[in-house]
Amino acid sequence: MSVVSPRASGSTAPDGIGRVISAARARPVRVLVAVAMMVVLLAALVWDPEWRALRVVLTVLAILVAPAIWDSQRRAIRPAVGVMLALILLALVGPLFTRDPLMLNVGESLAAPGGDLWFGTDQHGRDIFARVIHGAQLDLGVGFSAAALAVVVGMPLGALSVFAAAHIRGGGLFDSVMLRISESFQAFPTLLLALGIVAAVGPSIPILIFIISIVNVPVYLRLTRSAVAPIVNADFVLAARCAGQPVLRILLRHILPNVKQVVLAQFSVNVAWAIQILAALSFVGLGVPVPTPEWGAMVRDGYEQLVYGRWWVALFPGLAILFAVLTLNQLSDRVRHTT
Amino acid sequence: MSISAGPEAAASIHPAPPAPDRGDVPVLDVADLTVGFGSAAKRRSIPLQGIHLQVAASERMALVGESGSGKSLTAAAVLGLLPEGAEVIRGSIRLDGEELIGAPERRLRDLRGGRMAIMFQNPRASLNPVLTVGGQIAEVIRVHGDAGRKESWTQAVDLLAEMGIPDAGRRAKDYVHQYSGGMAQRAALAMALSCRPDLLIADEPTTGLDATLQQQVLELVVEQVASRDASLLLITHDIAVARSHCERTTVMYAGRVMESGPTSSVTESPKNPYTAALLKAFGTVDQRRMYAIGGVVPTLVGELSECAFADRCPMVGPECRDGVPALRSVDDRQVACVKA
């Protein structure tokens, strides 16, 4: 997703900041767009103090993802990145322009979509459109945070465990211990694990992020491990060792960049999965506390209404989940195919 | 595949070896190197059984042998990078007189790439696919010296140009998949020589290249090593390559050195029956049928108790079964055969 430029600077090209400036001079339109986006994001950050941390995550992500649109080498992922970016921007700025998602209005309860109420209202007369938009912030934010946390923990551990087994004395033991731990986590049903933790410490957003990431760490550990395993004894790794490079440097500079693409593809799918887990947890009542707008919780609120023909209560948040998950899966596919 | 260059031709391309009194301390001195897989209690195999090998300063030594004779494992042991599960049972490896066995990893790391370097059989695989070629060479230069980013980059580009890569400034920014096989091997050579090592180990450097390129790359290796006054240990299974590019040749079989001496005398008048058989198997144009050495290479489960070649040797006698023949000096060379 993010673009990493070739590390080596040319003998003619200047280093660091000089290079950024010369690149900016060459493409003024891109600089303007980038600055405008930064202003919008900054505004979204300071405007509404609620869930600021989640919006910081989304902002960082938007900044990381955006350059892929201009990457001429990865044309195939542009549409997916574009939709993803639009979704993130909607989640960030959208809430500023909707009604209050928490405002109760019993007189207007279960109103069908139409007029000002684009998506209608729920049992308590709350605007479903406002709740779907606000929910985007929470679902995407929690999804990305949980997946990112899982990558940050799982990827280095997975790479290190297989690398240690091959190149560091006594690393084999570390490798088996890591594998057994990840297996025991994976053997545990996700919802049961979540139920236990939530029952013990009570539901809150950080706890949800923690739970979802903890079930994803083994995924990255194993994925990175299996991606690193075939190259851990590759000739270029041996060549780097023969050239006298330190072991840790070989791991960071020579091995991890080779598995980046695989992990990125998995990351995108994983965000989608995290959103589904969050929705599922909320659906069974273990998710975010009421009345916070969250897609899964909204579907639960609405599914009882379906039998009475009030389809809109569950449909719109359901579509939102579907759309977000499809976009992320699409992005993952494209990333994988542009390797 | 092998081009059989006659020994006369070889002698005219490269001058005769310098007088032996020149090198006082050999660049590489391997003595009685024995390497085994598995722990002392559960020894699975002993693939190197007392290797003796000396490479003098600015000398080109060929290490010749069949697959599985232990050539590459010897190189790995010299670099201190034996595969997982292998250990040195006894023996010594000295680089410029400094003992490497038991040396701390930190010291070995400084020596690898700094004083000894290696290039591998498959150049494409030995360069990292996600780093630029120039960047990788510059990185090695930075690890071993105090050159900055820019300086190391310039040095890397100069090295590539020296190895005959056209438009090196631009090609240095390319990735290895954009290089041809021959260019990649030139880049690998540039990386190996980037820190002016005293000893270059070339492990089958031309096996992956086609015949015309083989000659070019080998000549480049020899030329560059000579211009840096370094020593070369050329590992090959092709005795013709040894004949045309190296002053001295060591023949290995089943983890033992069978014969070692000046290339011309080893290949013209072999004193060890194994060397003779190997030369015969490589054949010449006027030979009617291909010659194959009968029998199979012994499996080296324990330490040898007789000559490793005894079961396949045409000249075998009862004295051959009487202990492992030691490597002894005969005329201008060393031979491990009781009949020599």
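A residue is counted as buried if 20 or more other C-beta atoms lie within 10 Å of its own, as exposed if 12 or fewer do, and as partly exposed in between, with C-beta atoms placed from the backbone. The structure described here is a predicted model, in which local features need pLDDT of at least 70 and side-chain atom pairs count only at pLDDT 80 or more, while totals for chains, interfaces and linings use all residues. Residues are numbered from 1 along each chain as its sequence is written, and chains are lettered from A and ligands numbered from 1 in the order in which they are written.

Chain A has twelve helices and zero strands, where helices (H or I, at least four residues) and strands (E, at least two) are DSSP runs numbered from the N terminus. Of the 339 residues of chain A, 41% count as buried. Helix H11 of chain A, residues 295-306, reaches 16 Å from its first C-alpha to its last, close to the 16 Å expected at 1.5 Å a residue; the expected span is 1.5 Å times one less than the number of residues. Among the buried residues of H11(A) are Trp295(A), Met298(A) and Asp301(A), and what covers the buried residues of this helix includes helices H5 (128-167), H10 (247-283) and H12 (312-337) of chain A.

In chain B, four strands form an open sheet in the order E2-E1-E4-E5, with antiparallel pairing; two strands pair if DSSP finds at least two bridges between them. The edge strands are E2 (45-55) and E5 (98-99) of chain B, each of which pairs on one side only. Strand E1 (residues 28-37) of chain B and strand E4 (residues 86-95) of chain B are joined over eight bridges, and Ala31(B) has Ser92(B) as its bridge partner in E4(B).

The contact between the chains takes 33 residues from chain B and 21 residues from chain A, two residues being in contact if their C-beta atoms, placed from the backbone, lie within 7 Å. On the side of chain B that touches chain A, the largest share, six residues, comes from H4(B).

Helix H4 (133-144) of chain B has twelve residues and reaches 18 Å from its first C-alpha to its last, close to the 16 Å expected. Eleven of the twelve residues of H4(B) are buried, so this helix is largely enclosed by the rest of the structure. The buried residues of H4(B) include Val133(B), Ile137(B) and His144(B), and what covers the buried residues of H4(B) includes H5 and helix H7 (181-193) of chain B.
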